[in-house]
Amino acid sequence: MSTDLIGAAVGLALTVMILSYVLGDNPLFRIAMYLFVGVAAGYAVVVAVQNVLIPQLVAPVLALGSQTADVGALTLLGFSWLLALLFLLKLHPANQIGRIPLALLAGVGAAVAIGGAVTGTLLPQTAATAFPLQLSNLGALATSLIVAGGVIATLLTFHYGVRFSARGAEVDPVARVVTTAIAPVGQVFIGLTFGVMVAGLIAGAAAALAERLSVVRSLLGQ
Amino acid sequence: MAVVRCPHCQKPNPDFLELCQYCDQSLREDAGPAEPPPAAANPAASSWDALETPTSGDEAQPEGDLPGWVSALAEDDAAAPSEGAPTLPDWFSSLSTEDAPVASPAPKAFEADDPDATSGQSTPDWFADPEAADAPVDELQPALPDWLSALRTDPTTEYDAPEPAASALPEWLQEAGPEAPAEAAAEAQPAWLQDLAEPDPAEVAPTEVAPTEAATPEPAWLASLAPLGAAAALSDADDDPVKPPPQPGPADDGEALPPAPAWALEDEEPPRAPIGEDDLSQAELPAWLAAMRPTEIQGAPHSGEQPEPAEGDSYEEVVGVLAGMRGVLRAEPSVVLPGKAANQIHTLTATESQNKAAQVLAALARAEVGQAAPATRRPFSLPLLRWLVAALMLLAAMVPFWAPELFGEPAPLVVGSETALAAQAIEDLGRDGTPRRPVLMVIDYEPGQAAELSPVAEVFARHILRLGLPVVAVGTAPGSAGVAEQVLTRSAQDMSNVSGFDYEPYTHLVNLGYLPGGGVGVVEFAVDPRRVFLSDFSGHGDALWDQPALAGVESLSDFGALVIVSGSPEGARAWIEQTAFINADHPIVIAASAGAGPLLRPYLASQGGPVDGMVTGLRAAAQYERHAGLVGDATERWSATGGILLMAAIVILIGNVLAGLSRLRLRR
Amino acid sequence: MKVSIRFRNVLLTSIAAGAGLLTLLGYFIPVPLLLAVRMQLVSWATLLAAIAVLIGAYSLIKAHLRNFMSFKTGGAYSLVAVLGFVAMLIAGIVTPTVGIPASAFLLDHVVLAGATALSALLLFVLVFAAARLLRRPPSLIGSAFLIALVISLIGLAPTLTALPDLGFARIADWIAQTPAVAGGRGLLIGIALGVIATGLRVLLAIDRPYGD
């Protein structure tokens, strides 16, 4: 019996056990779920250790003896080991010193996110909304206006900071326009966007079901 | 005992009495009428009448059952008439003297309780009017009965009365009590009555009273009261419950008054000392009284215990008319905000049977809670609707395989331009004059999305390989690195099967592996990929970056194109943002899940973004396969997928129509 | 008002803010030294992200072990998870040394199969939920959502040869190209603003995800 056949049988069994959830929660589904979780976690550990930690931490140490050590590189390697060991101390729940590498990770991650959001999304998308009014034809112009208006209406749907009724004061006319006219339009655009997204999710799930059924068909056909 | 009716008031009297106990008249018809009692002055015949409950009927006891002293009374009464004079003691006779002034009417309560008392009885003068008994002592000296005379003539007494005080008797006692008995009469007094005699002034001293031996044996109950005499040392005797009895002193008129009982005696005016804690000496409680005291009261002093420190209220009122005073009740916060008593006076003491009952009740309550049924439990019902939907989906997935003629070809998409642009961008990499650089393929989806995205990743890889360009794969998740290995392996195998050309690893394709850190890892890879990957996914690290597939690659810009196969908008956005930062001039193509399309389409070049083309979903992948002439899994799975999508649309439509109709019907 | 500042908090905040500011400055100030420092910080962060995978897996297995050892309901299932984890570790670390690609076998026939089946299960959930949308009174956003969903599904699906083409595909394409792009762009700008605000809060130590 080839490993492919064994593998296909295992995959078929798992597929049936997981899809049995349609009939209701049952032990077969739970066994398959827990097995999947354990194996997936183990695979992640294997890949992280083999593909990242061993090459970046262990291999350079092993290579120290075979080549002349650069002091700068050695220092940086030492810091890498220090940070790695400090972070591994987080395995103990009461450990406090493991927060140092966590603080480093949080700071760098926040900076990268800010830089990418500003240069990669905020400025280009704002420019794409504001400037290119395509005047080549009426259709393109209408499309541009609809897109621009939809973007503004979508942003104004989230009017959390606008006060609409100060005590004893008249309602701001701008706020009134936002809440009564613009925000509903934005809600329509958001609803349409989410509808397309969920349709895509259903399409992806349908592709998964089709793939599993084709595996079953191919296995049963053999 | 025989009963004799008074000839005057017709009330029943014991036969041993000489005088009527109601009207004080002689019970003998030949004795002549006695002095009529002043009816107004004496609404009650005597104090005895006032206090006694009128008896009805013959309640006389047989003479043989009478106690000794009562019998003695009877004998004395029998001997008394020979003297020819009333046998009442002086003080007793004063109750019926005609010189007594008119007594004030008896209290109404008294009258109400004792109807006999209001029927012509007279109140004794001393009771009715304390001032009335001002009669001379002589008038209080009728012939005493023997028993009473014996009491008064016996100078000795068992009872050691407290030292008589030099001060006179209180007024009420002077008037009501017997006058100072004569010496002769005093000799005949019993011991206890001799206490009424005027004590020897020499013996009067404000000292603590101690029980002493007396000629006559002291009753036990009386002896137990002796320590109470220690209270004579108290200076503030008014509020003291154990105030020593006032000592009888000489009468104001010089007549000797019968000695008062010890308890009625009062100390000679002791010098009043200031009240202080040191002056207070705790009296010793008798055993029987101490046994009655609640033991839970902490600090409650009894025999042998240290007394509690006296509570002192140091609060001084500051407002109102009571300002400056201490010991006043505070309106706030004591009344408004009553506090909890510091001492726990009451403790719950339960008997064994009560404890058992409580345990049974607790067990019942626990059992009830443990067996409590769920609050709302719907009756068991099969999820038939869910099963029906699932069956329809499965049926729709199988129909295209059973009846493929029912479905047409995938309709050409208006958005096909995106797919076409993506295909064109890849195709342009192999154009003549274009630098032949490896193409970076980012596998940014989880294994769960492999069914939808692996076909499009494979078609991209096959297209690139067909152009003769190396494919370098990177996975942004541990699972995606393994999926990338599968994609490259299958693509190379498929191309080898089609073209007969062997695509070799590290020459035509390389899987670098897992790139950790998300956007942070992308930043590092974009600037220096050699720093990130010291070895590939298979673990080979020796001269990795010297391999043909990676030759000349030192940054992201050195790749010929960037193909991002992403299952989520976040991962693709991170790559788009970072490559935009480094101003890479290579084309960017995205293959995304259909669900991520709306949030990635704004990055298209047609929308002003840096992305040249985009393939969204399995349908677009099937179209790409057809466009590129590389039919694969996407085309094979699309039929089944399309059938499921159509059935899903029908189910959703029908379900919502029915739901809307039912709501309308309910509203009507 | 006396404020007690703990040295530990000062140290952590300094590290987070310092590393973040240095990284952010590297985006806008192309000074070689700054770029070198930025790259080193990013390299360390990437390494720490890989170690975070180990910590996450350890926490998961520890929870399952605790569940199993405490004999709670469902503890047997936790044993299955632990056994699967151990089997994968052995397959990934031990067997390659003897030339057995057990890890690829488990990836292909357990991880991929299981994950794909779970995605397929999502189909039934989504369709069942979407079919009951109008049980509640429809709102503006709900109505737009339902209309776009049905039209997009019909547009994505292959046409039936027996039925005429009613143009659903073109309508679906137009919805995906125009109003959905507008809504998507608005959402992207909003997301970018949120990311910037959240990132600045971390850099300014207003939020401390690393703990106080």
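A: Happy to; we can go through the chain contacts, the core, a helix, a sheet and some backbone details. Keep in mind that this is a predicted model.

Q: Good to know. How many residues of chain A and chain C are in contact?
A: In that pair, 95 residues of chain A are in contact with 98 residues of chain C. On chain A, the elements giving two or more residues to this side are helix H1 (3–19), H2, helix H3 (71–88), H4, helix H5 (138–157) and H6. H4(A) brings the largest share, 25 residues.

Q: And what classes of residue make up the side of chain A that touches chain C?
A: That side divides into 65 nonpolar, 25 polar and five charged residues.

Q: OK, now chain A against chain B. How many residues does the contact take from each?
A: The contact takes 42 residues from chain A and 48 residues from chain B. On chain A, helix H2 (27–62), helix H4 (99–130) and helix H6 (173–221) are the elements that give two or more residues. The largest share of this side comes from H6(A), with 16 residues.

Q: What about the classes on that side?
A: The side of chain A that touches chain B has 27 nonpolar residues, 14 polar ones and one charged.

Q: Which residues have the most contacts inside the largest nonpolar core?
A: Those are Ile202(A), Met393(B), Met441(B), Ala648(B) and Val127(C), in a core of 228 residues. Another core lies apart from it and has five residues, including Cys20(B), Tyr22(B), Cys23(B) and Leu27(B).

Q: Let's follow Ile202(A). What is it in contact with, leaving aside neighbours within four places in sequence?
A: From chain B, Ile202(A) is in contact with Leu645(B) and Ala648(B). From chain C, its partners are Leu123(C), Leu126(C), Val127(C) and Leu153(C).

Q: You also listed Met393(B). Which residues of H15(B) are buried?
A: Met393(B) is one of them, along with Val389(B), Ala390(B), Ala396(B), Ala397(B) and Pro400(B). The cover over the buried residues of H15(B) includes H6 of chain A, helix H24 (633–667) of chain B and helix H4 (102–130) of chain C.

Q: How far does helix H15 of chain B reach?
A: Helix H15 (residues 384–402) has 19 residues and reaches 26 Å from its first C-alpha to its last. That is close to the 27 Å expected at 1.5 Å a residue.

Q: Switching to strands: in what order do the six strands of the open sheet in chain B come?
A: The order is E5-E4-E3-E6-E7-E8, and the pairing is parallel. Strand E5 (509–514) and strand E8 (613–616) stand at the edges with a single partner strand each, so one side of each has no neighbour in the sheet. On average, neighbouring strands are turned by 15 degrees against each other, direction ignored.

Q: How many bridges join E3 to E4 in chain B?
A: Five bridges join strand E3 (residues 439–444) to strand E4 (residues 471–475), and the two run parallel. Met441(B) stands opposite Ala473(B), while Ile443(B) stands opposite Gly475(B).

Q: Which residues of E3(B) are on each face?
A: Val439(B), Met441(B) and Ile443(B) are on one side, with Leu440(B), Val442(B) and Asp444(B) on the other. Both faces are covered, and six of the six residues of E3(B) are buried. In general, side chains in a regular strand alternate between the two faces of the sheet.

Q: What about chain C, how many helices and strands are there?
A: Chain C has seven helices and zero strands. Of its 212 residues, 46% count as buried. Among contacts in chain C between residues at least 6 apart in sequence, 23% join residues at least 24 apart.

Q: Last topic, the backbone. What is phi of Gln10(B)?
A: Phi of Gln10(B) is near 60 degrees, a positive value in a residue other than glycine. Most residues other than glycine have a negative phi. Gln10(B) lies in the loop between strand E1 (3–5) and strand E2 (12–14) of chain B.

Q: Is Gln10(B) buried or exposed?
A: Gln10(B) is exposed, because 10 other C-beta atoms lie within 10 Å, and exposed is the word for 12 or fewer.

Q: And Ala205(C), what is its phi, and where does it lie?
A: Phi of Ala205(C) is near 65 degrees, also a positive value in a residue other than glycine. Ala205(C) lies in the segment after helix H7 (179–203) of chain C. With 17 other C-beta atoms within 10 Å, Ala205(C) is partly exposed.

Methods: Residues are numbered from 1 along each chain as its sequence is written. Chains are lettered from A and ligands numbered from 1 in the order in which they are written. This is a predicted model: local features need pLDDT of at least 70, side-chain atom pairs count only at pLDDT 80 or more; totals for chains, interfaces and linings use all residues. Two residues are in contact if their C-beta atoms, placed from the backbone, lie within 7 Å. Helices (H or I, at least four residues) and strands (E, at least two) are DSSP runs, numbered from the N terminus. Ala, Val, Leu, Ile, Met, Phe, Trp, Tyr, Cys and Pro count as nonpolar, Asp, Glu, Lys and Arg as charged, and the others, Gly among them, as polar. A nonpolar core is a set of buried Ala, Val, Leu, Ile, Met, Phe, Trp, Tyr and Cys residues joined through C-beta atoms within 7 Å. A residue is buried if 20 or more other C-beta atoms lie within 10 Å of its own, exposed if 12 or fewer, and partly exposed in between; C-beta atoms are placed from the backbone. The expected span of a helix is 1.5 Å times one less than its number of residues. Two strands pair if DSSP finds at least two bridges between them. Axes are lines fitted to C-alpha atoms, for helices over the stretch in contact, and angles run from 0 to 180 degrees between N-to-C directions.
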